[in-house]
Amino acid sequence: MTIVDKPAAGTAAPLRRLYFVRFGFALVWAALLFLTTKSHLGPLGVVLVVAYPLFDVAAAVADVRSSRTAGLFVNIAISLLAGIGLAIASASGVPAVLRVWGAWAVVAGLVQLIVAVGRRRMGGQWPMILSGGISVLAGANFVLSAGGPNPSLTAVAGYAVLGGIFFLVSAIRLGRAPSES
């Protein structure tokens, strides 16, 4: 199995819709996380940090159905593991959550980067390429900040908003991409 395959014909329209949904989810999720959880994880905070990678799994499954991009299977596995890891880490507090989230962001960012580079001919992928690279850097920062004074999930909410903006820009650019036949 290769990580990058040629996207199936007609992928741009469903991918565009999926990117709009991912943008909306990221904004709502980040607002809820910011409002309910900063330095302390309550029950809603635990649900939110576990829900984000599980939503990523659902989005990747939808993407696979329309694009047949093999690299997304790697993303599905990584995000499932992240959801499990975050559920476990939540019992230990914010620093543990930041470490797991950071590791997930690094690996998922690399996968996103590879998939987006493979899709660059269909258009609208430069935001996804940038997002993948930024995710790697942000993930490393989350891991480092977990050991600092007063670790907080505020940066994770900002990370989700930035990722959502990249999905929005990519969706808009896909709308301008040449039609596939």
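Helix axes here are lines fitted to C-alpha atoms over the stretch in contact, and angles run from 0 to 180 degrees between N-to-C directions.

Ground rules next. This is a predicted model, where local features need pLDDT of at least 70 and side-chain atom pairs count only at pLDDT 80 or more, while totals for chains, interfaces and linings use all residues. Residues are numbered from 1 along each chain as its sequence is written, and side-chain values use heavy atoms, with hydrogens and water left out.

Start with the overall layout. The chain has 6 helices and 0 strands. Helices (H or I, at least four residues) and strands (E, at least two) are DSSP runs, numbered from the N terminus. Along the sequence the pattern reads α-α-α-α-α-α. Of the 181 residues, 48% are buried. Buried means under 20% relative accessible area, exposed means over 50%, and partly exposed is in between, with a 1.4 Å probe and protein chains only. Now contacts, meaning heavy atoms within 4.5 Å. Take those with a separation of 6 or more: 79% join residues 24 or more positions apart.

Now the packing. Helix 2 and helix 3 have axes 9 Å apart, at an angle of about 170°. Helix 2 and helix 3 are therefore roughly antiparallel. For the cut-offs: under 35 degrees is roughly parallel, over 145 roughly antiparallel, 65 to 115 roughly perpendicular, and the rest oblique. On the helix 2 side, the residues include Val46, Val49, Val50 and Pro53. On the helix 3 side, they include Leu72, Phe73, Asn75 and Ile76. By class, this contact has 16 nonpolar, 5 polar and 2 charged residues. Nonpolar covers Ala, Val, Leu, Ile, Met, Phe, Trp, Tyr, Cys and Pro; charged covers Asp, Glu, Lys and Arg; the others, Gly among them, are polar.

Helix 2 also meets helix 1. Helix 1 spans residues 12-36, and helix 2 spans residues 43-67. Their axes come within 11 Å and cross at roughly 175°. So helix 1 and helix 2 are roughly antiparallel to each other. Helix 1 brings residues including Val21, Arg22, Phe25 and Trp29. Helix 2 brings residues including Leu48, Tyr52, Phe55 and Asp56.

Is phenylalanine 55 buried, partly exposed or exposed? Phenylalanine 55 is at 23% relative accessibility, so it counts as partly exposed. Beyond its neighbours within four places in sequence, phenylalanine 55 contacts Val21, Arg22 and Phe25. The C-alpha atoms of phenylalanine 55 and arginine 22 are separated by 8.7 Å, though the two are 33 residues apart along the chain.

On to the core. A nonpolar core is a set of buried Ala, Val, Leu, Ile, Met, Phe, Trp, Tyr and Cys residues joined through side-chain atoms within 4.5 Å. The largest has 31 residues, and Trp29, Leu33, Trp101, Leu153 and Val156 have the most contacts inside it. Helices 1, 2, 3, 4, 5 and 6 each give two or more residues to this core. Helix 4 gives the largest share, 10 residues. Another core lies apart from it, with 12 residues, among them Ala12, Leu15, Leu18 and Tyr19. As background, nonpolar side chains tend to be buried together in soluble globular proteins.

Now the aromatics. Rings of Phe, Tyr and Trp (its six-membered ring) pair if their centres lie within 6.5 Å; planes under 30 degrees apart are stacked, over 60 edge-to-face, and the rest tilted. That rule gives 9 aromatic pairs. Take tyrosine 52 and tryptophan 101: their ring centres are 5.4 Å apart and their planes at 50°, so the pair is tilted. Tyrosine 52 sits in helix 2 and tryptophan 101 in helix 4, 49 residues apart. Tryptophan 101 also pairs with tryptophan 104, edge-to-face, at 5.1 Å centre to centre and 85° between the planes. Both tryptophans lie in helix 4, 3 residues apart, about one turn of the helix. Tryptophan 101 is buried at 0% relative accessible area, and tryptophan 104 is buried at 7%. Ring pairs link Phe25, Trp29, Tyr52, Phe55, Trp101 and Trp104 into a cluster.

Two last residues. Serine 135 is in helix 5 and is buried, at 4% relative accessible area. Asparagine 150 is in the loop between helix 5 and helix 6. Its phi is near 50°, a positive value in a residue other than glycine. At 72% relative accessibility, asparagine 150 counts as exposed.
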